[in-house]
Amino acid sequence: FLKYKHMPVINLAKTLKGKSGWVSVSNDNKKVIAQGKTLKQLLEKLKQLGNPDGFIMVAAKDYSNYVG
């Protein structure tokens, strides 16, 4: 059986403050590299930036209704 290690909890509240839509966040979780209203827009911006390392996610201005 495989043993799974839990990933640490990462608080992105400061990094994503005021952002919405698709975002690319740096690997150190400290800054938003680029953002776009759609995934296609974000990917185009990342291509223009030389495809920097990071991860892509959807950001919302308000998570008050989020259940997870």
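Here is a walk through the structure above, from the overall layout down to a few individual residues.

A word on the ground rules: this is a predicted model, in which local features need pLDDT of at least 70 and side-chain atom pairs count only at pLDDT 80 or more, while totals for chains, interfaces and linings use all residues. Residues are numbered from 1 along each chain as its sequence is written, and side-chain values use heavy atoms, with hydrogens and water left out.

Let's start with the fold. The chain has two helices and three strands, and reading along the sequence gives the pattern α-β-β-α-β. Helices here are DSSP runs of H or I with at least four residues, strands are runs of E with at least two, and both are numbered from the N terminus. The chain exposes about 6100 Å², with 56% of that coming from carbon and sulfur atoms; areas like this come from the Shrake-Rupley method with a 1.4 Å probe, and for residues only the protein chains shown count as cover. Of the 68 residues, 22% count as buried. Buried means under 20% relative accessible area, exposed means over 50%, and partly exposed is in between (1.4 Å probe, protein chains only). As for contacts (heavy atoms within 4.5 Å), take those between residues at least 6 apart in sequence: 38% of them join residues at least 24 apart.

Now for the inside. Nonpolar side chains tend to be buried together in soluble globular proteins. In this model, the largest nonpolar core is made of six residues: Leu12, Leu16, Val23, Val25, Val32 and Ala59. A core of this kind is a set of buried Ala, Val, Leu, Ile, Met, Phe, Trp, Tyr and Cys residues joined through side-chain atoms within 4.5 Å. Find Ala59 and set aside its neighbours within four places in sequence: Ala59 is in contact with Leu16, Lys19, Ser20, Gly21 and Val23.

Ser24 sits in strand β1 (residues 21-25) and is buried, because its relative accessible area is 2%. Not counting residues up to four places away in sequence, Ser24 touches Lys31, Val32, Ile33, Ala34, Leu42, Leu46, Gly54, Phe55 and Ile56. Met57 is 33 residues from Ser24 in sequence, yet their C-alpha atoms are 6.5 Å apart in space.

Next, look at Thr15 and Asn29 as a pair. Thr15 belongs to helix α1 (residues 13-16) and counts as buried, since its relative accessible area is 14%. Beyond four places in sequence, Thr15 touches Val25, Asn29, Lys30, Lys31 and Val32. A polar atom of the Thr15 side chain lies 2.8 Å from the backbone oxygen of Asn29. That is a polar contact: a pair of N or O atoms within 3.5 Å, where within protein one must be able to donate a hydrogen and the other to accept it, and residues adjacent in sequence count only if both atoms are side-chain atoms. Asn29 itself is in the loop between β1 and β2 (32-36), and its 19% relative accessibility is why it counts as buried.

Most residues other than glycine have a negative phi. Asn29, though, has a positive phi near 65°, and Asn51 has a positive one of about 50°. Asn51 is in the loop between α2 (39-48) and β3 and counts as exposed because its relative accessibility is 52%. A polar atom of the Asn51 side chain lies 3.5 Å from the backbone nitrogen of Lys47.

Gln41, in helix α2, is partly exposed at 36% relative accessibility; its C-alpha atom is 8.5 Å from that of Trp22, 19 residues away along the chain. Leu39, Leu43 and Ile56 form a nonpolar surface patch with about 230 Å² of accessible area together. Patches are made of residues with over 30% relative accessible area and no salt bridge, with like charges joined within 9 Å and nonpolar side chains (Val, Leu, Ile, Met, Phe, Trp, Tyr) within 5 Å. A salt bridge is a side-chain nitrogen of Lys or Arg within 4 Å of a carboxyl oxygen of Asp or Glu. Ile56 lies in strand β3 (residues 55-59) and is partly exposed, with a relative accessible area of 40%.
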